[in-house]
Structure formats: structure tokens, C-alpha cells
Amino acid sequence: MMAEAGAGGPRLAELLALGRRLWDELEASTEPSSGAPAVQEKVRQGLDALQRATAMVAQLELFSENEELEEIASADLKFMLLPALLGAMTLKQVDLSRRREHLESAREHFLRFLKLCRNYGLGSFQLPPSTSGEEEDRSPSAPQDPAQPNLVAMAMSRTAKIERYKQKKELENKLASMSSAMESGTADEDQIREFYVLQIQKWIGTSLEEIESIDQELVILRNRDAARQAAAGPRGPPRPARTPMKPFILTRNAAQARVFGAGYPGLPTMTVDDWYEQRRKQGVVSNPQRQGFGEPGSPPFSSPPVGANDEELQKQQQETEEEEDDEEALRKARDWDDWKDTHPRGYGNRHNMG
């Protein structure tokens, strides 16, 4: 295995070193915004270096499910960190339109790292559920009572967080005490191996925390997307277009219909009863009762039909008013003719003559 790693040689080690250095710079950055061009350029370079290194590790087959931790060369242990570093670097991207994609990709990187560590017996932890929602390696001591699952899960999660925090501090202290020997090149084989194992254990805790945070954010994003889809959904079938009515003269009764029909042969006439019956058949008026239309002595539009729009009502009201004005003028003209028949011309001027 060391020969194959050596064949990959410095190039693989350089790619890992570049990705790790860029990650450290991003973590220590004082830029006011993570979306600054300089920051995102480092993210892009870091992702490129780590992805190329991951492809080389897969090609060299440095890690296998059929081997033990002792079989891995001390110099190759550091390459186990590649999936975790890829997940952390993926989360540094700030494209909001692809946020959900980045979260899911980072989660897969962290989960792959945890599975690799579990396969080699590094650390004691429970694997998070997979992306398909199937939980792996569920603890057999987990409570089965459906009435208390949330409370127990919350208590277990809080305890696990406290324990991980304590372990993280202990690991950081050990790594800090060993870093000088590693940087100076004076560390022996056992120290090199212990240093990389401690780094892996530290990133196990980080990966578990990141997956928990990712899952919470994914729930929010999925609920938001579902709400948007529901708001943009269909609002019911559209109302059918109303058939336009042909012009006609509306009269109170059949007698008026004959009179106006004779005066306007090019325009059909229709009584209120006929008009109402036609509108009922078209579905515009739901009540079969006439609602006061055509009643003797009542104006034809004292109760507007259900479904009639403002334009129709206004037009019909105007026609009714004009009709009533015409009848009043006709009555006055007839009275005047009758009066002239019984009174000779100049009759009114003789009343004051001697």
C-alpha cells in the first residue's frame, strides 16, 4: 500500500496540503462577508484541490473495507480526512439558488467520512440516518415506547453534544502539544500515527455536528419550497365564458312587444317574462321565481336578476327610463289633442273680455 501511495507521490500530498491550507485560511479569515470574491475564489481552489486528491485516492485504492487500521501506513492516514474536508469546504459556498444542493452534497461527504472511520474502528458513535431516511446501525437500547420518543431523543442528543464538546477540547489540547514536533519533522513513527488519528477523531465530532445542522436547515428549505408550490398551485377551474347577448328591446308585456316590434322591425323584442326564462335556461339566474319582474304596476328592474353584470343593468335601466319618458310624452300629447277638439282656437283668451 505504501508503494502505491508513493507512486501517487508528492502530487497527492501536495493537493491535500493545498486544500487543508486554504481551509485554515478561510477559518481564520477576517473578511466581513463570506461572499466576498476573494473568499469564494479560495473556496473554488480548495474544492478543486480536494476533489482531485479524492479521485487519486480512489484510483490508488488506499482504503479498503477488508483491512484493519494497523494495515494502513501512518503517512496515508491523513488522506482519510479528504471527505470531511470536502464537506466542510462545500458548505463555504454562498450561492443561495443552489443552497439545498450544496447542503445535500456536503452531508454525503460527511457521511462517507463517518462510514470510513466506523469501518476502521475509529471512534464510538452512531451513524446519522442516510439521505433516504433509513437510519443505519440503530442502537438496540433505544426506547421503543412511541409515547416518549421525542423526550428521550432530546436527552440523548444533549448528552452526546456535551460529551463531544469535552472530547473536542481534549483532542485540541493534545494536537496543540504535538504540532511543534510534526512541523519541525522531529516526530517519530508512533507520534505521526497518533497525530493523524487524533485529527481524524476530532473531525468525527465536527462531522456529526455539521450533519445535525444540515438536517435542520434542509427541513426549513423543504417546508419553504412546499409552501411556495402550494401558493403557486391551481386555484380551481376557470369560470366559463358567458355567451354574449344579441341586442333586443325589453318590454313589460306582449302588447308593448307588438307595438315596439312594429316600430323597429330590424330589432327583436322580448317581454320581461321571456327574457327571464331565457336567462334561467342559460344558468345566469338560479331562482326559478321571477322576483317581481313584470308584476303589474312595478318597474321591470326593481329586483335585478342574479348574475347580471353592471353594464347590462345600466343599459336596461336606461332603456326603461327612456320608455317611461316616451309614454309620458305620448299621454300628454293625446290629452292636448283631446282638449283642442273640445275647445276652439283662442278660447282661453276670451275669459277676461267684457
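Leaving aside neighbours within four places in sequence, with which residues is Met80 in contact? In this predicted model, Met80 touches Phe63, Ile72, Phe113, Leu116, Tyr120, Leu122 and Ile200. Contact here means heavy atoms within 4.5 Å.

Residues are numbered from 1 along each chain as its sequence is written, and side-chain values use heavy atoms, with hydrogens and water left out. As the model is predicted, local features need pLDDT of at least 70 and side-chain atom pairs count only at pLDDT 80 or more, while totals for chains, interfaces and linings use all residues.

Met80 also has a place in the largest nonpolar core. A nonpolar core is a set of buried Ala, Val, Leu, Ile, Met, Phe, Trp, Tyr and Cys residues joined through side-chain atoms within 4.5 Å. Buried means under 20% relative accessible area, exposed means over 50%, and partly exposed lies in between (1.4 Å probe, protein chains only). The core has 56 residues. Those with the most contacts inside it are Phe63, Met80, Phe113, Leu122 and Ile204. Two or more residues come from each of helix H1 (2-27), H2, H3, H4, helix H5 (149-184) and helix H6 (189-231). H6 gives the most, with 12 residues. Helices are DSSP runs (H or I, at least four residues), numbered from the N terminus. In soluble globular proteins, nonpolar side chains tend to be buried together.

Helix packing was examined next. Axes are lines fitted to C-alpha atoms, for helices over the stretch in contact, and angles run from 0 to 180 degrees between N-to-C directions. H2 and H3 pack at about 155 degrees, with axes 10 Å apart. H2 is therefore roughly antiparallel to H3, a term for angles over 145 degrees. Their crossing is left-handed: the near helix is turned anticlockwise from the far one by less than a right angle. From H2, Val43, Gly46, Leu47, Leu50, Gln51, Ala53, Thr54 and Val57 take part. They meet Leu82, Leu85, Leu86, Met89 and Thr90 of H3. This contact has nine nonpolar, four polar and no charged residues. Ala, Val, Leu, Ile, Met, Phe, Trp, Tyr, Cys and Pro count as nonpolar, Asp, Glu, Lys and Arg as charged, and the others, Gly among them, as polar.

Leu50 lies in helix H2. At 0% relative accessibility, Leu50 is buried. Beyond its neighbours within four places in sequence, Leu50 contacts Gly19, Leu82, Leu85, Leu86 and Met89. Gly19 is 31 residues from Leu50 along the chain, yet their C-alpha atoms are separated by 5.6 Å.

H3 (residues 82-90) also packs on H4 (residues 99-119). Their axes come within 7 Å and cross at roughly 160 degrees. H3 and H4 are therefore roughly antiparallel, and H3 passes H4 in a left-handed crossing. Pro83, Ala84, Leu86, Gly87, Ala88 and Thr90 of H3 meet His102, Ser105, Ala106, His109, Phe110, Arg112 and Phe113 of H4. By class, seven residues are nonpolar, five polar and one charged.

H4 packs in turn on H6, at about 150 degrees and with axes 9 Å apart. This pair is also roughly antiparallel, and its crossing is left-handed. The contact of H4 with H6 comprises 15 nonpolar, one polar and nine charged residues.

Glu61 is found in the loop between H2 (37-60) and H3. At 56% relative accessibility, Glu61 is exposed. Its phi is near 55 degrees, a positive value in a residue other than glycine.

Notes. Parallel < 35°, antiparallel > 145°, perpendicular 65-115°, else oblique.
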